[in-house]
Amino acid sequence: MLTLLPIHTTATPEFLLAWQLYEEAFPAEERRNLGQQKELLSHSHYRFMSVQKEGETVGVVGLWEFTDFLFLEHLAMTPQQRGLGWGKQVLDLLKDASPSPMMILEVEPPLTSLAQRRIGFYARSGFHLNAYPYRQPAYSPEKPWVPLQLMSFPGLLADEEYQKIKTLLYKTVYGTEETI
């Protein structure tokens, strides 16, 4: 059985293991630096969690809890734990624990086999790939904006919902008013 252990400070072994996995699992343009992450740990909407199995760190989750939806910013399992069903179990735990029935996440467009497999994983968990144009804002000035797409649970987003969610993500998660 998996559990999600909230991490509130960088001064724990759980943070160090989760941070190492975070840095290994996501390309530099799709993640924060350590200073940004330290600041973010005290944000009221943000949660950084270690995925634990029998006291061992097997994954990491970074998410934002908003009134109308939960934004799953980062989810990764250790290479040894991939393909064992733990990612789906984490998604189920988040769905059960969230006060909002809606979840949003970002994925690469389905242009590579890896991106297609990732989209397929989320689709098997009930997420839907939205066709709206979307770019992830840069985490810092030296990093690029990244072309991605939003996936949503439990259904596709209406245009008005998409615009509202995009604006909130850009402003709160990425700190920009720009909505290109």
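Rings, pockets and burial

Q: What makes Lys95 a charge over the face of Phe153?
A: Lys95 lies over the face of Phe153, at 4.1 Å from the ring centre. A charge sits over a ring if NZ of Lys or CZ of Arg is within 6 Å of the ring centre and within 35 degrees of the ring normal. Arg32 likewise lies over the face of Tyr46, at 5.9 Å from the ring centre. The model is predicted: local features need pLDDT of at least 70, side-chain atom pairs count only at pLDDT 80 or more, and totals for chains, interfaces and linings use all residues. Residues are numbered from 1 along each chain as its sequence is written, and side-chain values use heavy atoms, with hydrogens and water left out.

Q: Why is the pair of Trp145 and Tyr170 called edge-to-face?
A: Rings of Phe, Tyr and Trp (its six-membered ring) pair if their centres lie within 6.5 Å; planes under 30 degrees apart count as stacked, over 60 as edge-to-face and the rest as tilted. The centres of Trp145 and Tyr170 are 5.6 Å apart and the planes are at 80 degrees, so the pair is edge-to-face. Trp145 is in the loop between strand S7 (134-136) and strand S8 (146-153), Tyr170 is in helix H5, and the two are 25 residues apart, so the pair links distant parts of the chain.

Q: How do you know whether Tyr170 is buried or exposed?
A: Buried means under 20% relative accessible area, exposed over 50%, partly exposed in between (1.4 Å probe, protein chains only). Tyr170 has a relative accessible area of 0% and is therefore buried.

Q: What are the distance and the angle between the planes for the aromatic pair of Phe121 and Tyr122?
A: The structure holds 15 aromatic pairs. That of Phe121 and Tyr122 has 4.9 Å centre to centre and 65 degrees between the planes, and is edge-to-face. Tyr122 is buried at 8%, whereas Phe121, at 23%, counts as partly exposed.

Q: What lines the largest pocket?
A: A pocket, on a 1 Å grid over the protein atoms alone, is an open set of points where a 1.4 Å probe fits, with protein on both sides within 12 Å along at least five of seven lines; lining residues have an atom within 4 Å of a point. The largest pocket has 29 lining residues, and Phe121 and Tyr122 are among those nearest its centre. Its space is about 790 Å³, a volume being the space filled by probe spheres set on the points. S4 gives the most to this lining, six residues.

Q: Which residues line the second largest pocket?
A: Among them are Arg32, Trp64 and Tyr139. About 230 Å³ of space lies in this pocket. Helix H2 (34-40) and helix H5 (159-173) each give two or more residues to its lining, and H2 has the largest share, three residues.

Q: Why is Ala28 called partly exposed?
A: Ala28 has 37% relative accessibility and therefore counts as partly exposed. Ala28 is found in the loop between helix H1 (13-25) and H2.

Note on methods. Helix = DSSP H or I, 4+ residues; strand = E, 2+ residues; numbered from the N terminus.
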